[in-house]
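Student: Please take me slowly through one part of this model. I would like a close look at its pocket and at what surrounds the opening.

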Amino acid sequence: MSKLGLFSMILGVIGLISFLVTVLLVGYIDERIQNECDSDIGTIGQLTGLDEGECENGRKLSDSVSSIQLPSLLLGTFFLVGGIFIKIKS
C-alpha cells in the first residue's frame, strides 16, 4: 500500500471520529441547556441576569460545534474513500 493511501485513510478515520465527537458534544450541551436553562428557575435566572449569560453562551457554543459537523463528516468520508481508492489502484 502506498504511503499516500495510508495517510489519506488515517485522515479519513480522524475526520469521522471528529464527527462523532461533535455529535456527542452537541448532545451534551443541549441536554445541559434543557436541564439548566429551559426550566422555570433557569428562565427566571435568564430574565433577571443572574445566569451571567451562561445560557446564551451555551447556545452559541452548541451552534458553533454544530457548524463543524457536516464538514468533518464530508472530509472524513472523502479522505477515507480516497485512501481506499488509492490502495486499490496501487
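**The lining of the largest pocket**

Tutor: The lining of the largest pocket divides into 8 nonpolar, 4 polar and 4 charged residues, where Ala, Val, Leu, Ile, Met, Phe, Trp, Tyr, Cys and Pro count as nonpolar, Asp, Glu, Lys and Arg as charged, and the others, Gly among them, as polar. The model is predicted, so local features need pLDDT of at least 70 and side-chain atom pairs 80 or more, while totals for chains, interfaces and linings use all residues. Residues are numbered from 1 along each chain as its sequence is written, and side-chain values use heavy atoms, without hydrogens or water.

Of the 16 lining residues, Arg-32, Ile-33, Glu-36, Glu-54 and Gly-58 lie nearest the centre of this pocket (on a 1 Å grid over the protein atoms alone, an open set of points where a 1.4 Å probe fits, with protein on both sides within 12 Å along at least five of seven lines; lining residues have an atom within 4 Å of a point). Two or more residues each come from α1, α2 (40-48) and α3, helices being DSSP runs of H or I with at least four residues, and α1 gives the largest share, 6 residues.

Helix α1 (residues 3-36) packs against helix α3 (residues 54-67) at about 160 degrees, with axes 9 Å apart (lines fitted to C-alpha atoms over the stretch in contact, angles running from 0 to 180 degrees between N-to-C directions). The two helices are therefore roughly antiparallel, a term for angles over 145 degrees. In their contact (heavy atoms within 4.5 Å), residues of α1 including Ile-29 and Ile-33 meet residues of α3 including Gly-58 and Leu-61. The residues of that contact divide into 6 nonpolar, 4 polar and 2 charged.

Note on methods:
Angles under 35 degrees count as roughly parallel, over 145 as roughly antiparallel, 65 to 115 as roughly perpendicular and the rest as oblique.
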